[in-house]
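Dear colleague,

Please find the structure below for your records.

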Amino acid sequence: MNYAIREVTVPAAQAAANGKKLLRLNIGDPNKWDFQTPEYFKATLRAAVDEVDNGYGDSQGEPDLRDAIVVREHEKNGINITSDDVYVTAGVSECINMLMGTFLEPGDQILVPGPGYPSYAQYINFYEGQTIPYRMIEEEDWRPDVDMIRKRITDSTKALILINPNNPTGAEYEEKDLRAIGDIAAEYGIPIISDEIYDKIVFDGEFYSMSKLPSDVPRIILNGFSKVNLMPGWRVGYCYFMDEAGLMDDIRTGFMKQMRARICPNVPCQAAARASLQGPQDYIVEMNRKLKERADFTYKRLNEIDGISTRKAKGALYMFPRIDLSGTPWKNDYGFVHDLIMEEGVVLVHGSGFCEEFGQDHFRTILLAPQPVLEEAYDKLESFLGRHRQRSSVLSHQSQRPRCRSYLSRRGLHDMSGSTAYPSVSLGHNLPPLAELSIIYMNMT
């Protein structure tokens, strides 16, 4: 297991112990910045602790929360599901774990976006499956490569994962691409697992849910309360199945067995989750306003830094810039991120942690921090890159000095110690005088 987003906290802790001030741009936790859980969510949680018996709950999730999710999905996406289709989990992460445990036998394959949220690959590997990435096309605002999806399907493919809006790129997928992917899934009878936890964090365009696809596409839609509903620490998520033909009946049975084995989700927190769906939603408008401003600033500022380029985020909480490592001392993006943490205290996540094949030479940053924090972090980043590029240039130049000294020695311009001497220079060689002087000058400086 190697969850890149939190693995970078290891060097970060070391940097903090060495006295570095940390600017933590690695974790998508809104509540660590100036986003606060609405008071009526918290009041409901406090009341729930007093009003419920604090015993075990329904393994599938409390019926009143599942009913509220049914209403939310109908109002948002115009779909008709029942509470029997809904399963409540301890965050989306538990849902991913149990789904991978249900879908996979050793050697089975799951198609995942590259780059994509690393928990999918971690659990696929944990259950001895094979992670098969499909490319997100950076030059086209990180849209999914539909042709590659088709080419990478095999007889061992058990499911196809989408993350929309996307973590880590901030991309928002277009309806035409999602429908094309749905057509492929229906053609091959492959279930789609669509992670839509950022569905209401959209800055540009209108979000299109995979729940709107035709009924012949087997789907599992994932969502939760950590991001839009600003309760990441309360660990409540959910999924619902859309499978009119019953292709996933065995998956549902196995999934529910795992839910019963882990007893139940947190009961009082489910009451707060239900309240978050039924109460005022105006806080989401303000949240998106701040995030868009910070996304616009991040896009502009990062593209001003020599060696960094990025596409604009259209949703979610992240941006995924490219870093040009040529002319630097780093052989990979992890080395760059590690040294940035240790020297400047700026904590980012290396792009290869989101996909070895399609995430190299990138890093993920967050849009959650207020602009003064982002300004400080990116000023440090720019200074750090400039300093190391200059140092690499000097070292590269110095590596040529032996040849320079050899040249000068042949001209009698070094004393016995090897240091440069400055006698009068004879120009009686086969070069024009000014050309020879230029070469001698350049090689002595």
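Phe225 is buried, at a relative accessible area of 1%, where buried means under 20%, exposed over 50% and partly exposed in between, with a 1.4 Å probe and protein chains only. Tyr238 is likewise buried, with a relative accessible area of 1%. The model is a predicted one, in which local features need pLDDT of at least 70 and side-chain atom pairs count only at pLDDT 80 or more, whereas totals for chains, interfaces and linings use all residues. Residues are numbered from 1 along each chain as its sequence is written, and side-chain values use heavy atoms, with hydrogens and water left out.

Aromatic pairs

The whole structure contains 16 aromatic pairs; rings of Phe, Tyr and Trp (its six-membered ring) pair if their centres lie within 6.5 Å, and planes under 30 degrees apart count as stacked, over 60 as edge-to-face and the rest as tilted. The ring centres of Tyr117 and Tyr120 are 6.3 Å apart and the planes stand at 80°, so this pair is edge-to-face. Both Tyr117 and Tyr120 are buried. For Phe225 and Tyr238, the centres are 5.8 Å apart and the planes lie at 55°, so the pair is tilted. This pair links distant parts of the chain, 13 residues apart: Phe225 is in the loop between β8 (219-224) and β9 (237-242), and Tyr238 is in strand β9. Helices (H or I, at least four residues) and strands (E, at least two) are DSSP runs, numbered from the N terminus. One aromatic cluster is formed by Trp330, Phe336, Phe363 and Phe384.

Helix packing

Helix α2 (residues 9-17) packs against helix α12 (residues 333-344) at an angle of about 25°, with the axes 8 Å apart; axes are lines fitted to C-alpha atoms, for helices over the stretch in contact, and angles run from 0 to 180 degrees between N-to-C directions. α2 is therefore roughly parallel to α12 (angles under 35 degrees count as roughly parallel, over 145 as roughly antiparallel, 65 to 115 as roughly perpendicular and the rest as oblique). Pro11, Ala12, Gln14 and Ala15 in α2 meet Tyr334, His338, Ile341 and Met342 in α12, contact being heavy atoms within 4.5 Å.

The axes of helix α5 (residues 91-103) and helix α9 (residues 249-261) cross at roughly 130° and come within 9 Å, and α5 and α9 are therefore oblique to each other. Residues of α5 including Cys95 and Phe103 meet residues of α9, among them Ile251 and Met259.

With kind regards
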